[in-house]
Every structure is written in C-alpha cells, then in structure tokens.
Amino acid sequence: MHPRPNHITASMLPALALCPGRWNACKGLPPQPAGPDAESGTRIHAVLASVASACILTEDELQTYDMCCRLRDSEVERVFGSAKHESYNERRLVYQTTGGDFSGQADRVLADDTTCLIIDYKTGHEPVSDATLNWQLAGLVVLQYLCDERTVYESIEASIIQPWCKPQVHSVRYDTKDLDQAVAGIRDLLGKAYAHDAPRKPHPDACKYCRAKTTCPEALAEMKALQVAPSLGKLSDLPNADLAQRLDQCAQVEQVVKAFREEARRRLGEGAELIGWELKEGRRMRKIIDADEAFGWWWERTTDDADKEDFMQFVSVHIGKLEKATKTKVPDHLVEETRTAPMLQRKKE
Ligand code: SF4
C-alpha cells in the first residue's frame, strides 16, 4: 500500500465541497480501519491495475472485475475506436497551489494527442453522484489537464464505471471552456479547504467517513440537537422540514455511534479492559459446500418412496451465479420476485 499523501487529494474533494473544514479537522488523526467492502474494493482495484493476480479475488469480486473490464473496453471503443492511444493505471499526479499540494490517482488514463479518457471504477453497490457533478472526477480531470506536459488536450472525458449501479457507465466531457471553468472551481475549493479558518459544516455525506467525527464540535452539536427533539408522542406533529433535518442528524449520530463501537471492538480484541463490556463470538453461519454429497447423505436416510423432487424442497438456486454461468437472464416464469418495504435514502446532491 502507498503511504497516505499529506495533502488534499481528489478523492477528498466531494466531502470538502460539503465541509471545507474537514481537512484541518482530520490533520494528525489516525486513519479509520477499512471495512470489508473497502478491502474488497481495494483487491478488485489492484487486479484492475494489474498489480495483483485475479486469484486473490473471491467469486463475487471476480464477477465485478469482469464487468468492469467489459464496460471499460466498450468505453475505450466509444472514445478512441481503432485510433492509437496510450494507457496507464493508477499514476499519481501532483499539482502545487499556494495553500498546499493537490494530487490524484485515476484508476486508468487513456490518451492520444488531443483526447484523454479517465476511468474511475466504483465497485460498490451504492451509486455515486452523477459524473457531471462529481468533484472527485473534476479533480482528476483538472490534474490531467494541468500536469500532463505532453500535450494540451482539446477535450478530456471522464467516466465512472459502476457495474452494480444504474447507469453502469456515467460519462462527462470537458471541452476547453469547461476545463478552464473546472480549474477555477477546483482552485477555489482548495483555497477554502486549506484556509486555517475553513468552516466545519456537518453533512451526512461529509461526516460519514470523517476521522474527526467523534471529536468535531459541530458534529457533536448535531447529536445534542437530536436529543432535544420532541418526544415520540409528538412526532406526528413535527413539520416536514424539521423531520428532514432530524434525519440528517440521525445519520451523524449513527456514524459516531458506529465509530465508538468499532473502536471498542478493536481495543477489546487487543486485550483492553472496558468495564461492563466484552466481545462475544460472532454469529455462526453454516452452508452446504457439496450439494451432490448432501443429496447422497439425505438419500441414505430417507424413506424408500422418496425421489429427487422431495430433495428439491431443500434446495435454493443462486440466481446471480446461474445467470453468470449461462450469460442469460433466468426467464420470469421461473422467478418469484418480492420486495422489502421501501428504504429511506438521502437524495444524492
Ligand atoms: S465531523 Fe463532519 S462537520 Fe466535523 S469536520 Fe468532519 S465532516 Fe466536517
């Protein structure tokens, strides 16, 4: 793993656009431990960048990797057709500003003499904001425009490839005028974020992965505000605008609570004593790993008139794996579709 840059990077921009004070607030704080989804994303990215072999991937990760490759190839075909171009993976570009350095590392860059295509893979199941409004992508575009001394691009395209979300590919094209505007926008944001008095503005999307969330006065004030919310008995009287605001505060509180629990789990795992708390074993999960052998085992123990159909009541078929193997959608008459209750989600800005 590369050392963490000690300056603002393109991936920090979406959060800084919401809370400019986040950079100063996080200075010197230890990194947050990566969750399983982030670790999975890192493995898939390593294989996509050809710095690791596909054998490190689980079956599901391999499927994500295959989908990323397919979508990337069609993007390259769309932009360059059969024209000759260069390509490289994960090269960090650094640009110096008066406030501090700014860097970014696109997952893949493809370029000829006039055009450039930047690809950013998102391997999770949560859609990211629209490519046209995406600060991270804008930051990567600006770095390519300012730091690639080889040429002056007439246009730069940037595409988010997110195989598990809709749309799977989201592209934005920056022509010369857009590029100049993007440079001004990024410079302005960097200036605000590097300012010593940059304001801290709690926002669920900014605070979610912020390392300062358990100490930041503004984030903690949001928690306090939730405590003085009307009692549950009066909840139905709460105006819609207030309820929406409470939901944002709930998101902050959940993040802080999660951070405390993770820290406690880490310390208890290392043998620390937390009065009244202990780690208990994780939930036990069991699954059949050999369906054939399980069938034989059942067959030996069942009544004489049982047949294979009786066994089928114990069998569930993994729809995703079946469709992957056949490269065909399972016909509707074989599928029962149900939906859970609608889920609450914050609108992407
Ligand atoms: S916790 Fe939230 S408000 Fe505080 S610095 Fe981090 S992002 Fe900003």
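How many bridges join E1 to strand E4 (residues 101-105)? Two, and the strands run parallel. Strands here are DSSP runs (E, at least two residues), helices are runs of H or I with at least four residues, and both are numbered from the N terminus. Two strands count as paired if DSSP finds at least two bridges between them.

A quick word on the model: this is a predicted model, where local features need pLDDT of at least 70, side-chain atom pairs count only at pLDDT 80 or more, and totals for chains, interfaces and linings use all residues. Residues are numbered from 1 along each chain as its sequence is written.

Back to E1 and E4: they belong to an open sheet of three strands, in the order E1-E4-E3, with mixed pairing. Strand E1 (8-9) and strand E3 (92-96) stand at the edges with a single partner strand each, so one side of each has no neighbour in the sheet. Helix H5 (residues 135-147) packs on this sheet and touches E3 and E4. Contact means C-beta atoms, placed from the backbone, within 7 Å.

There's also an open sheet of five strands, in the order E2-E5-E6-E7-E8, again with mixed pairing. Its edges are strand E2 (86-89) and strand E8 (169-175); each has a single partner strand, so one side of each is left without a neighbour in the sheet. Strand E5 (residues 108-111) and strand E6 (residues 115-121) pair in the antiparallel sense over four bridges, and valine 109 has isoleucine 118 in E6 as its bridge partner.

Axes are lines fitted to C-alpha atoms, for helices over the stretch in contact, and angles run from 0 to 180 degrees between N-to-C directions.

| H5 | E3 and E4 | about 75° with E3 |

What about the inside? The largest nonpolar core has 53 residues, and among those with the most contacts inside it are Ile118 and Leu140. Such a core is a set of buried Ala, Val, Leu, Ile, Met, Phe, Trp, Tyr and Cys residues joined through C-beta atoms within 7 Å; buried means 20 or more other C-beta atoms within 10 Å, exposed 12 or fewer, and partly exposed in between. H5 gives the most to this core, with eight residues. Domain 1 (8-194) and domain 2 (204-269) both give residues to the core, so it lies between them; the domain bounds come from an automatic or database assignment.

Definitions and conventions: Two residues are in contact if their C-beta atoms, placed from the backbone, lie within 7 Å.
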